[in-house]
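Subject: A structure to look at, with notes

Dear colleague,

Here is the structure I promised to pass on to you. Please open it first, and then read the notes below beside it.

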Amino acid sequence: MKKLLITWAIVLVIIGSGLFYLSTFKLKEIEIAGCSMASEDQIRESFKSQMKFGNTLEFMLRAKFGAKCDVPFVAKTGIEYVSPNKVRIQVYEKSVAGCIQYMENYIYFDKDGIVLETSPEKFEDVPYIKGLKVKSWEYGEPLPLEDKKKFNLILNITQLIYKYGLVIDGIQFTQEDEIILHHDNIKVELGDGSNLAIQMMNLGSILAGIENKTGTLYMKEFNEDNSTASFKVSR
């Protein structure tokens, strides 16, 4: 009987110690890093909603073995243990190339024209393509645009923007189907797109020289044989 009591006492001590140890891992802070378009609050709540005990160790295990983050613009997440009361979520967002307007929302697509997300918000760092319209669309499918030639040209532009790290606010076509890019208060005229590769390769360095100015950058004649671009300041 005495041995049995001792055994139970040891068991209770172990259980009590375990519970006390676990109580020190009360999750109090979830830090989010890497968001530019995704909502930090939505990501935080998405993970917290899948927890039962609010425990840091539980959070780490669930995040590693089953918890999902179904938040717009999030491709994947990484979880880092910081302290017994804090974890950090590193967010890796989808690579958005551009967007078009659809009714009261914006459709965001990748460099291959695949629909990624929709949102009522227009994000500043994503090129807005003016004048393109669709009647329907599906997540994970290419945008069904009637003018395939123009859309392929847009995809070429967005791929070059991504390749050269350019900051472009908008892309539009004139009635003559010539390309105009918008960068802050600068309008860039590129012509019909026949020299797009060489123009986009040099655009970044040219824009750096006229930063914070307002006007039109003329690059219609810019090609491999003619590296001259002119800038007209707007008053």
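I begin with Gln172, which, leaving aside its neighbours within four places in sequence, is in contact with Lys130, Glu178, Ile179, Ile180 and His182, where contact means heavy atoms within 4.5 Å. Gln172 lies in strand E8; helices (H or I, at least four residues) and strands (E, at least two) are DSSP runs, numbered from the N terminus. The side chains of Gln172 and His182 are also joined by a polar contact of 2.6 Å, a term for a pair of N or O atoms within 3.5 Å, of which, within protein, one must be able to donate a hydrogen and the other to accept it, while residues adjacent in sequence count only if both atoms are side-chain atoms.

Before going further, please keep in mind that this is a predicted model, in which local features need pLDDT of at least 70 and side-chain atom pairs count only at pLDDT 80 or more, whereas totals for chains, interfaces and linings use all residues. Residues are numbered from 1 along each chain as its sequence is written, and side-chain values use heavy atoms, with hydrogens and water left out. The pLDDT, which is the predictor's confidence in each residue, from 0 to 100, averages 83 for the protein, and 89% of the residues score at least 70. Over residues 8-22, however, the pLDDT is below 50, and this stretch has three contacts in the model beyond near neighbours in sequence.

Next comes the interior. A nonpolar core is a set of buried Ala, Val, Leu, Ile, Met, Phe, Trp, Tyr and Cys residues joined through side-chain atoms within 4.5 Å, and buried means under 20% relative accessible area, with exposed over 50% and partly exposed in between (1.4 Å probe, protein chains only). The largest such core has 34 residues, of which Leu143, Ile157, Leu181, Val188, Met200 and Leu203 touch the most other members. At least two residues of this core come from each of strand E5 (105-109), helix H4 (148-164), strand E8 (170-173), strand E9 (179-183), strand E10 (186-191) and helix H5 (196-209), and the largest share, seven residues, is supplied by H4. There is also a second, separate core of 25 residues, which includes Met37, Met51, Ala63 and Ile89.

Tyr102 is in strand E4 (residues 98-102) and Trp137 in the loop between strand E7 (128-129) and H4, so that the pair links parts of the chain 35 residues apart. Phe109 and Phe151 are also edge-to-face, because their ring centres are 6.0 Å apart and their planes at 65°. This pair links strand E5, which holds Phe109, with helix H4, which holds Phe151, across 42 residues. Phe109 counts as buried at 0% relative accessibility, and Phe151 counts as buried at 6%.

Ring pairs also link Phe73, Tyr108 and Phe123 into a cluster. Phe73 is found in the loop between helix H3 (56-65) and E2, and is buried, with a relative accessible area of 3%. Most residues other than glycine have a negative phi, yet Phe73 has a positive phi of about 80°. Asn212, in the loop between H5 and strand E11 (215-218), has a positive phi near 70°, and this residue is exposed, with a relative accessible area of 77%.

Finally, which side chain is joined to that of Lys86 by a polar contact of 3.0 Å? The partner is Glu31, and the C-alpha atoms of these two residues, 55 residues apart along the chain, are separated by 7.5 Å. Lys86 is found in strand E3 (residues 86-93) and is buried, with a relative accessible area of 18%.

With best wishes

How values were computed: Phe/Tyr/Trp six-rings, centres within 6.5 Å; stacked < 30°, edge-to-face > 60°.
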